[in-house]
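Here is a friendly briefing to read alongside the model. It begins with charge, then turns to overall build and finally to individual salt bridges.

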Amino acid sequence: MKLIIRDAKIIDSKSPFHNKTADILIVDGFIKKIGTSLSNTENVEEIKLDNLHVSQGWFDSSISLGEPGFEDRETISNGLNVAAKSGFTAIALQPNSFPIIDNQSQVNFVLNKATGFATQLYPIGALTKESAGKDMAELFDMQKSGAVAFGDYNKSLSNANLLKIALQYVQDFDGLILAFSQDENIKGNGVANEGVVSTRLGLKGIPNLAEELQIARNLFLLEYTGGKLHIPTVSTKKSVQLIKEAKANGLNVSCSVAVHHLVLTDEKLEGFDTRYKVSPPLRTETDRKSLLKGIKDGTIDMITSDHNPIDIEHKKMEFDGAKSGTTGMESAFGALMTVLPLEIVIEKLTSGKETFGIEIQNINEGSRANITLFNPEPKNVFTKSSILSKSKNSAFLGTQLQGKVYGILNQGQLILA
């Protein structure tokens with residue numbers, strides 16, 4: 001494979017070509033040369049796109065796809081194609097399929113299904129068997145098979161001793177534990193953020209305390225055990241403060257925030273639209289602004305779409321009974337560009353690789369070509385036709401977004417949207 005990407009503005013703070021516009025020659029999956037007006041004596045394919053920008057390939061640390069078991073929601077093959085056209089060269093797959101990814105054979109199954117695609121799939125193994133929160137799963141065996149981390153998707157571990165043992169156990173092989181933080185007893189039957197909106201609508205509330213108390217507990221456990229802990233999809237002002245203090249005290253903790261928590265608030269629930277039912281719930285404007293501040297000051301390490309396709313049967317129902325989750329890969333970049341500067345967006349869509357042990361390929365001569373192509377300028381309304389996933393439960397339908405993803409170049413393949 002040989003091609004030249006023409007007149008691309010490079011956005012990669014670790015590259016000597018950062019913020020420069022240049023041509024990029026790709027040969028056999030590697031960046032051979034970067035320069036201005038590269039000659040094309042061999043008449044190789046050229047890529048010329050309007051206001052083209054490129055960065056190292058984006059990574060999403062929390063993706064649910066359904067397969068195996070919930071193929072009606074999404075398949076691995078279509079999910080990886082959606083990821084590629086949404087700008088992601090790598091995704092971490094959550095274990096919430098049926099059966100749960102809690103053993104070596106399930107890890108091998110999803111990896112085999114993902115073979116040959118431009119977007120690389122990295123499985124997250126369940127922390128406990130069947131994600132039931134009782135017995136620790138086969139963590140070491142899953143790590144040997146290719147699992148990059150261990151956690152039970154959107155399930156908080158009530159057994160503090162089990163989390164303590166897991167944090168100690170994985171240190172022998174430098175494993176990463178994910179701890180979704182939401183105290184189930186405090187959450188109770190809550191379905192929305194506890195506050196003015198939930199009270200006005202008569203919805204049972206989930207207080208910020210449900211998340212913050214669990215995060216505080218998990219950080220105390222990390223301080224006791226050592227090891228590495230990742231707290232996904234934080235959503236409150238106090239959560240950011242707790243993690244900031246923990247980092248200042250030298251704890252090896254990282255965290256992510258979902259795109260929808262950076263852009264939307266619980267005010268969206270006014271129409272009881274279940275597309276806005278997510279876990280953790282959409283919070284207040286005060287929380288949203290604190291999350292953005294946490295992004296800018298480096299407390300929050302990465303941004304995830306927390307892509308979670310849900311079939312229409314589990315979404316088109318009363319708010320209390322609907323499943324939580326929104327699709328997010330297709331809208332992630334465009335939504336982020338409405339609230340954050342471009343360089344921060346790119347940084348937070350790529351910085352998670354290091355935490356999850358994924359090789360980083362900067363845009364430099366000699367590097368493997370792992371590139372996302374995009375235009376940060378165009379404004380457009382996100383419509384149903386914009387959703388490439390099998391499920392259409394997007395919280396961003398009808399929202400004006402900014403930016404266009406052209407596609408990716410990875411694994412020797414060029415995928416254009």
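The 44 positive and 48 negative charges of the protein have mean positions 3 Å apart. Lys and Arg count as positive and Asp and Glu as negative, with His and the chain ends not counted; each charge is placed at NZ of Lys, CZ of Arg, CG of Asp or CD of Glu. Please keep in mind that this is a predicted model, in which local features need pLDDT of at least 70 and side-chain atom pairs count only at pLDDT 80 or more, while totals for chains, interfaces and linings use all residues. Residues are numbered from 1 along each chain as its sequence is written, and side-chain values use heavy atoms, leaving out hydrogens and water.

**Overall build**

- The protein has 13 helices and 18 strands, which are DSSP runs numbered from the N terminus (helices: H or I, at least four residues; strands: E, at least two).
- Its radius of gyration is 21 Å, close to the 22 Å that the globule rule gives for 417 residues, so the protein is as compact as a globular protein of that length. The radius is taken over C-alpha atoms, and the rule is 2.2 Å times the number of residues to the power 0.38.
- Along the principal axes, the C-alpha atoms fill a box of roughly 70 × 50 × 45 Å.

**Burial and contacts**

- Of the 417 residues, 59% are buried (under 20% relative accessible area; exposed is over 50%, partly exposed in between; 1.4 Å probe, protein chains only).
- Among contacts (heavy atoms within 4.5 Å) between residues at least 6 apart in sequence, 75% join residues at least 24 apart.

**Salt bridges**

- The whole structure holds 15 salt bridges, each a side-chain nitrogen of Lys or Arg within 4 Å of a carboxyl oxygen of Asp or Glu.
- E42 pairs with K2, their closest N and O atoms being 2.8 Å apart. This pair links distant parts of the chain, 40 residues apart: E42 is in the loop between β3 (30–35) and β4 (45–47), and K2 is in strand β1 (residues 2–10). E42 is exposed at 54%, whereas K2 is partly exposed at 36%.
- E267 and R200 form a salt bridge at 3.7 Å, N to O. E267 lies in the loop between α9 (259–263) and α10 (285–296) and R200 in helix α6 (residues 196–201), so the pair ties together parts 67 residues apart in sequence.
- E285 and R288 meet at 2.9 Å, N to O; both lie in helix α10, three residues apart, about one turn of the helix. E285 is partly exposed at 34%, while R288 is buried at 14%.
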